[in-house]
Amino acid sequence: MRNYKTNILITYISVFYLILFVILIIFIFSKKYYTYNYYKGIYLSSHTFEVYVKKKDLKYLEKNPYIYLNSKREKIEILEKDNVSYKNLSLIIMKSRKVNKKTKLNISIYNDKKSIYSMLIKPWKEKK
């Protein structure tokens with residue numbers, strides 16, 4: 001009789017952990033997180049700075065004039081843009097009210113939403 005009770009307990013514990021594992025797998029495949037491209041800016045003069053960004057991010061900035069400057073959402077105005085042949089980049093000169101000499105220009109631009117699964121698997125895939 002005692003052996004029977006321990007086997008039932010082990011069975012319940014195993015089923016419980018199996019259910020938790022299934023819930024975790026569902027969570028991994030369904031949860032999405034925002035991803036961003038990060039750039040460093042160079043301060044030029046009063047409220048203006050320059051940044052080298054990818055062409056895709058330039059198109060995004062032309063549609064949506066908001067960036068995250070030091071983790072705070074800021075509105076910017078694109079003053080000038082110039083295509084650079086190196087690595088498909090563009091030089092953008094921007095203006096923002098909150099930029100001064102002491103500001104560290106860590107700029108992040110929204111990229112897309114990705115699942116945890118794709119973020120974990122992407123480094124393991126071969127480049128084609």
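Tutor: What follows takes up the charges, the surface and then some single residues.

Student: Ground rules before we start?

Tutor: This is a predicted model, where local features need pLDDT of at least 70 and side-chain atom pairs count only at pLDDT 80 or more, while totals for chains, interfaces and linings use all residues. Residues are numbered from 1 along each chain as its sequence is written, and side-chain values use heavy atoms, with hydrogens and water left out.

Student: How many salt bridges does the structure hold?

Tutor: The structure holds 1. A salt bridge here is a side-chain nitrogen of Lys or Arg within 4 Å of a carboxyl oxygen of Asp or Glu.

Student: Which side chains meet in the salt bridge?

Tutor: Glu62 and Lys81, at 2.3 Å, N to O. The pair links distant parts of the chain, 19 residues apart: Glu62 is in helix H2 (residues 55-63) and Lys81 in strand S6 (residues 77-84). Helices (H or I, at least four residues) and strands (E, at least two) are DSSP runs, numbered from the N terminus.

Student: Is Glu62 buried, exposed or partly exposed?

Tutor: Glu62 counts as partly exposed, at 42% relative accessibility. Lys81 is partly exposed as well, at 46%. Buried means under 20% relative accessible area and exposed over 50%, with partly exposed in between (1.4 Å probe, protein chains only).

Student: And Glu74, what is the nearest side chain of opposite charge?

Tutor: Lys98, 4.5 Å away. Glu74 is buried yet has no salt bridge. For charge, Lys and Arg count as positive and Asp and Glu as negative; His and the chain ends are not counted.

Student: Where does Glu74 sit, and what is it in contact with?

Tutor: Glu74 is in strand S5 (residues 72-75). Leaving aside neighbours within four places in sequence, its contacts are Pro65, Tyr66, Ile67, Leu69, Ser96 and Lys98. Contact means heavy atoms within 4.5 Å.

Student: Leu69 is in that list. What does Leu69 touch?

Tutor: Beyond four places in sequence, Leu69 touches Glu74, Val99, Leu105, Asn106 and Ile107. Leu69 is in strand S4 and is buried, with a relative accessible area of 5%. Its C-alpha lies 9.1 Å from that of Lys98, 29 residues apart along the chain.

Student: Next, Asn106. Which strand is it found in?

Tutor: Strand S8. Asn106 counts as partly exposed at 32% relative accessibility. With neighbours within four places set aside, Asn106 is in contact with Tyr39, Lys40, Tyr68, Leu69 and Asn70.

Student: Switching to H2. Which of its residues are buried?

Tutor: Asp57, Leu58 and Leu61 are buried in H2. They cover an arc of only 105° around the axis, so they are on the same side of H2. The arc is that of the directions from the helix axis to the C-beta atoms. Lys56, Lys59 and Lys63 are exposed on the other side of H2.

Student: Why would spacing matter there?

Tutor: An α-helix has 3.6 residues a turn, so residues three or four places apart point the same way.

Student: What covers the buried residues of H2?

Tutor: The cover includes strand S1 (32-40), strand S3 (48-54), strand S4 (66-69), S6, strand S7 (89-95) and strand S8 (106-115).

Student: Which residues does Val51 touch?

Tutor: Val51, in strand S3, touches Tyr39, Lys40, Gly41, Ser90, Leu91, Ile92, Met94 and Ile107, not counting residues up to four places away in sequence. Val51 is buried, with a relative accessible area of 1%.

Student: Now the surface. Which residues make the nonpolar patch?

Tutor: Leu18, Phe21, Val22, Leu24, Ile25, Ile26, Phe27, Phe29, Tyr33, Tyr117 and Met119 make a nonpolar surface patch of about 1000 Å². Patches take residues with over 30% relative accessible area and no salt bridge; like charges are joined within 9 Å, nonpolar side chains (Val, Leu, Ile, Met, Phe, Trp, Tyr) within 5 Å. Accessible areas come from the Shrake-Rupley method with a 1.4 Å probe; for residues, only the protein chains shown count as cover.

Student: Which helix gives the most to the nonpolar patch?

Tutor: H1, with 8 residues. Helix H1 (2-30) and helix H3 (116-121) each supply at least two.

Student: Last one: what is phi of Ser71 near?

Tutor: Near 70°, a positive value in a residue other than glycine. Ser71 lies in the loop between S4 and S5 and is exposed, at 71%. His47 has a positive phi too, near 65°, and lies in the loop between strand S2 (42-45) and S3.
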